[in-house]
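Please keep the sequence and the 3D view at hand while reading.

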Amino acid sequence: MGYKIVAIERQYGSSGLAVGEAVAQKLGVHCYGREILEMTAKKLNVSPENIEHMEENGHKSLLYDLALLAQSGLTGNGLQADRQVFLEESKIIQDLAAKEKCVIVGRCATGVLAERKDCLKIFIYADIPSRIKTATEKYGVAYEMALQVLKKNDRRRAAFYKNNTEYIWDNWSGYDLCLNSGTLGIDGCVELIISMMQS
């Protein structure tokens, strides 16, 4: 059975988004990342910034969640604010996967679509020097802060994944393909993904 969807999780600074965008371009399909957050914000009638804040802070406390709910305007429906947001994101991811061939980067898509056999689940990683180079040159992170920023973002992504799926973000056994963009480069990663999509 051929793959229809590419879902990518990635370490911060590993150029996972660039890989996803290049794969989508070669396949002639859409690449979704932050767009899912923006669609979720629109559906819930809150700002994307509020959703990002919830995702960054994860499950803190009941009082914290109530404060976020009040700030964001979400109703809660008995759920923590970040959980409510993730459930909406999950619906959007599932709807996209059901209606079109596409590439989805982040948003726990590999976990959300774990049971889909037509979804190629990928983890992009790289060595620390390569990631620091990307963070400083592409994202404008100060060199002396780069390692701290890498670790902080990886912890946040791991926590977000753990809080919202039954899988572990950096457990490679949960993926179909794990690619080192530090050695393969963006083009090498794209070539391998395309070859699997076409096999």
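Helices and strands here are DSSP runs, numbered from the N terminus; a helix has at least four residues and a strand at least two. In these terms, Tyr12 sits in the loop between β1 and α1. The model is a predicted one.

**The chain as a whole**

Nine helices and five strands make up the secondary structure of the chain. Read from the N terminus, the order of the elements is β-α-β-α-α-α-α-β-α-β-α-α-β-α. The chain has 199 residues, and 49% of them are buried. Its accessible surface is about 10,200 Å², with 51% belonging to carbon and sulfur atoms. Among contacts in the chain with a separation of 6 or more, 69% are between residues 24 or more positions apart.

**Tyr12 and its surroundings**

Is Tyr12 buried or exposed? Its relative accessibility is 13%, and buried means under 20%, so Tyr12 counts as buried. Residues up to four places away in sequence aside, Tyr12 touches Arg131, Ala135, Tyr139, Val141, Val149, Leu150, Asn153, Asp154 and Arg157. For one of these, Leu150, the C-alpha to C-alpha distance to Tyr12 is 5.8 Å, although the two are 138 residues apart in sequence.

**Aromatic pairs**

The count of aromatic pairs comes to six. One of them joins Tyr12 and Tyr139: the ring centres are 5.3 Å apart and the planes stand at 55 degrees, so this pair is tilted. The pair links distant parts of the chain, since Tyr12 is in the loop between β1 and α1 and Tyr139 is in the loop between α7 and α8, 127 residues apart. Tyr139 has 42% relative accessibility and therefore counts as partly exposed.

Another pair is that of Phe123 and Trp172, with ring centres 6.4 Å apart and planes at 40 degrees, so it is tilted too. This pair also links distant parts of the chain: Phe123 lies in strand β4 (residues 119-125), Trp172 lies in the loop between α8 and β5 (177-180), and 49 residues separate them. Phe123, at 1% relative accessibility, counts as buried, whereas Trp172, at 40%, counts as partly exposed. Both residues belong to one aromatic cluster, formed by Phe123, Tyr125, Trp169, Trp172 and Tyr175.

**Glu88**

Helix α5 (residues 81-99) contains Glu88. Which residues is Glu88 in contact with, leaving aside its neighbours within four places in sequence? They are Thr40, Lys43 and Leu44. Glu88 has a relative accessibility of 10%, under the 20% limit, so this residue counts as buried.

The residues whose accessibility is given in this report are listed below.

| Residue | Relative accessibility | Class |
|---|---|---|
| Phe123 | 1% | buried |
| Glu88 | 10% | buried |
| Tyr12 | 13% | buried |
| Trp172 | 40% | partly exposed |
| Tyr139 | 42% | partly exposed |

**The largest pocket**

The largest pocket has a volume of about 550 Å³. It is lined by 25 residues, of which Arg10, Glu52, Arg107, Arg156 and Arg157 are the closest to its centre. Two or more lining residues come from each of β1 (5-10), α1 (16-27), α2 (34-44), α3 (48-57) and α8 (143-164). Helix α8 gives the largest share, four residues. Sorted by class, the lining holds eight nonpolar, eight polar and nine charged residues. Arg157, named here as one of the residues closest to the centre, is also one of the residues that Tyr12 touches.

**The second largest pocket**

What is the volume of the second largest pocket? It is about 170 Å³. The residues closest to its centre, out of 14 in the lining, are Ser15, Ser130, Thr134, Lys138 and Ser181. At least two lining residues are supplied by each of α7 (128-137) and α9 (181-197). The largest share, five residues, comes from α7. The lining of this pocket is made up of two nonpolar, eight polar and four charged residues.

Definitions and conventions. Residues numbered from 1 in each chain as written. Predicted model: local features only at pLDDT ≥ 70, side-chain atom pairs only at ≥ 80, totals over all residues. Heavy atoms only, no water. 1 Å grid on protein atoms, 1.4 Å probe; cavity = no way out; pocket = protein on both sides within 12 Å on 5 of 7 lines; lining within 4 Å. Points joined across faces, edges and corners; volume = space filled by probe spheres on them. Nonpolar A, V, L, I, M, F, W, Y, C, P; charged D, E, K, R; others polar. Buried < 20%, exposed > 50% of the residue type's maximum accessible area, 1.4 Å probe, protein only. Contact = heavy atoms within 4.5 Å. Areas by Shrake-Rupley, 256 points an atom, 1.4 Å probe, with all protein chains shown as cover. Phe/Tyr/Trp six-rings, centres within 6.5 Å; stacked < 30°, edge-to-face > 60°.
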